[in-house]
Amino acid sequence: MDNSVTEQQSDLEFFRKFTRLVEEHYKSKHTVADYADFLCMAPKTITHKFNRLRLPQPNEVIKNRIVLEAKRLLVHTSLTAKEIAYDLGYNDPAYFSRLFQTKTGESPSGFRASFLGQGIL
């Protein structure tokens, strides 16, 4: 088999492993370095593998998973943004709110209000 194909398959397998780890640990592990420890490799190596596969940055994968869960909690629970921040492992709710705002274009409370305002439940 062609070496580049083998390499690509192992990179894809690596990506699946990385996303599985993110799925398991996103509430407590927020950095690429955290996942690099799990995978026994340098954070830079992870980033290079993602670049080779033309995937979003590994940091984006982690943050997107955190924001996805935050959205789910905002829509389906009555938890406050601060409670959600703590639930997702952030000791600084303001930092979490900034992350959410950066990723979605609205604050956690604004997201909840606009979602619930649409009557889509």
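In this predicted model, the axes of helix 1, which covers residues 3-25, and helix 4, which covers residues 58-76, come within 10 Å of each other and cross at roughly 35°. The crossing of these two helices is right-handed. On the side of helix 1, the contact is made by F15, F18, T19, V22 and E23, while helix 4 contributes P58, V61, I62 and R65.

|---|---|
| Helix 1 | F15, F18, T19, V22, E23 |
| Helix 4 | P58, V61, I62, R65 |

The pair belongs to a chain that has seven helices and zero strands, so that, read from the N terminus on, its elements run α-α-α-α-α-α-α. Along its principal axes, the C-alpha trace of the chain spans about 55 × 30 × 20 Å.

Turning to the chain as a whole, 31% of its 121 residues count as buried, and the chain exposes about 7,300 Å², of which carbon and sulfur atoms supply 54%. Among the contacts in the chain between residues at least 6 apart in sequence, 58% join residues that are at least 24 apart.

Methods
Residues numbered from 1 in each chain as written. Predicted model: local features only at pLDDT ≥ 70, side-chain atom pairs only at ≥ 80, totals over all residues. Heavy atoms only, no water. Axes fitted to C-alpha atoms, helices over the stretch in contact; angles between N-to-C directions. Helix = DSSP H or I, 4+ residues; strand = E, 2+ residues; numbered from the N terminus. Left-handed = near helix turned anticlockwise from the far one by under 90°. Contact = heavy atoms within 4.5 Å. Buried < 20%, exposed > 50% of the residue type's maximum accessible area, 1.4 Å probe, protein only. Areas by Shrake-Rupley, 256 points an atom, 1.4 Å probe, with all protein chains shown as cover.
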